[in-house]
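Welcome! Take a moment to turn it around before reading on.

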Amino acid sequence: MNVQLVTSEGELDRVGEVLLQLRPQYNLDSLKAQIQLQQKSGYQLAYVTSVGKVLCVAGFVVGQKLAWGKHIYVDDLVTDEEHRSSGAGTFLISWLKEYAKEIDCSQLHLDSGVQRFPAHRFYLREGFNIASHHFSITGL
C-alpha cells in the first residue's frame with residue numbers, strides 16, 4: 001500500500017469515485033467543483049492505493065485553534081466498499097498521524113455521524129477518543 005496527496009485532476013477523478021460513497025448527494029462533477037473550491041482554503045486529499053486501485057481517501061485541512069493548537073481536521077474519510085477491513089483505513093490513519101507530527105501538529109480530529117457505528121468502532125480502535133459533542137443548526 002502507498003499513500004499519495006492529490007496533485008492533479010486525474011487523481012481527483014480517481015479519488016472522487018470513492019468519495020462519492022461517503023457523499024452521495026454529489027455527482028462526480030459537482031464533487032470535484034466543491035473540492036476545488038475547498039482546496040483554495042487549504043483542503044487536501046490523501047489516498048491509499050494498491051495494485052493501481054484507490055482503496056481509501058481522506059480529505060483534511062491543517063488549522064490553528066485556541067482549543068487545539070496546530071492540528072489536522074479530517075473532513076472526509078472513506079474506504080472503498082470493496083476494500084473495507086483490508087487495512088487501508090488503518091494505513092491512512094497511521095499516515096495522517098505521521099504527517100501531523102512532520103508538520104508540527106499536536107492533534108488529529110474528526111467528526112462522525114452518530115449513526116455510523118462501524119466507523120466509530122474503527123476510530124476507537126485507532127486511538128481516537130470521543131472528546132466532545134458536535135452541535136449544529138442547519139438550514140439557515
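In which loop does serine 85 lie? Serine 85 lies in the loop that runs between strand E4 and helix H3 (88-102). Please keep in mind that this is a predicted model. With that in view, here is a tour that goes from the whole chain to its strands, and then to a handful of loop residues.

**The chain as a whole**

- The protein chain has four helices and five strands, and from the N terminus on they follow the order β-α-α-β-β-β-α-β-α.
- The radius of gyration is 15 Å, close to the 14 Å that the globule rule gives for 140 residues, so the protein chain is as compact as a globular protein of that length.
- If you draw a box along the principal axes, the C-alpha atoms of the protein chain fill roughly 40 × 35 × 30 Å.

**Surface and charge**

- Of the 140 residues in the protein chain, 38% count as buried.
- The protein chain exposes about 8,700 Å², and 52% of that area is supplied by carbon and sulfur atoms.
- You will find 13 positive and 15 negative side chains in the protein chain, with the centres of the two sets 5 Å apart.

**Strand E4 and its partners**

- Strand E4 covers residues 69-79 and is mostly covered itself, since eight of its 11 residues are buried.
- On one side of the pairing story is strand E3 (residues 53-65), which pairs with E4 in the antiparallel sense over 10 bridges.
- E3 and E4 form a hairpin, and three residues sit between them.
- To see this pairing at the level of residues, look for cysteine 56, which stands opposite threonine 79 in E4.
- E4 also pairs with strand E5 (residues 107-110), this time in the parallel sense and over four bridges.
- Here a pair to look for is tyrosine 73 and its bridge partner in E5, histidine 109.
- As background, side chains in a regular strand alternate between the two faces of the sheet.

- Serine 85, the residue we began with, has a relative accessibility of 84%, so it counts as exposed.
- The phi of serine 85 is near 65°, a positive value in a residue other than glycine.
- Histidine 83 also lies in the loop between E4 and H3.
- Is histidine 83 buried or exposed? With a relative accessible area of 19%, histidine 83 is under the 20% cut-off, and therefore it counts as buried.
- Leaving aside residues up to four places away in sequence, histidine 83 touches Lys53, Val54 and Leu55.

**Two further loop residues**

- Aspartate 104 is found in the loop between H3 and E5.
- Aspartate 104 has a positive phi of about 65° although it is not a glycine, and its relative accessible area of 63% makes it exposed.
- Proline 24 belongs to the loop between helix H1 (9-19) and helix H2 (28-39).
- Proline 24 is exposed as well, with a relative accessible area of 61%.
- From C-alpha to C-alpha, proline 24 is 30 Å from lysine 65, and the two are 41 residues apart in sequence.

Terms used: Residues are numbered from 1 along each chain as its sequence is written. This is a predicted model: local features need pLDDT of at least 70, side-chain atom pairs count only at pLDDT 80 or more; totals for chains, interfaces and linings use all residues. Side-chain values use heavy atoms; hydrogens and water are left out. Helices (H or I, at least four residues) and strands (E, at least two) are DSSP runs, numbered from the N terminus. The radius of gyration is taken over C-alpha atoms; the globule rule is 2.2 Å times the number of residues to the power 0.38. Buried means under 20% relative accessible area, exposed over 50%, partly exposed in between (1.4 Å probe, protein chains only). Accessible areas come from the Shrake-Rupley method with a 1.4 Å probe; for residues, only the protein chains shown count as cover. Lys and Arg count as positive and Asp and Glu as negative; His and the chain ends are not counted. The place of a charge is taken as NZ of Lys, CZ of Arg, CG of Asp or CD of Glu. Two strands pair if DSSP finds at least two bridges between them. Contact means heavy atoms within 4.5 Å.
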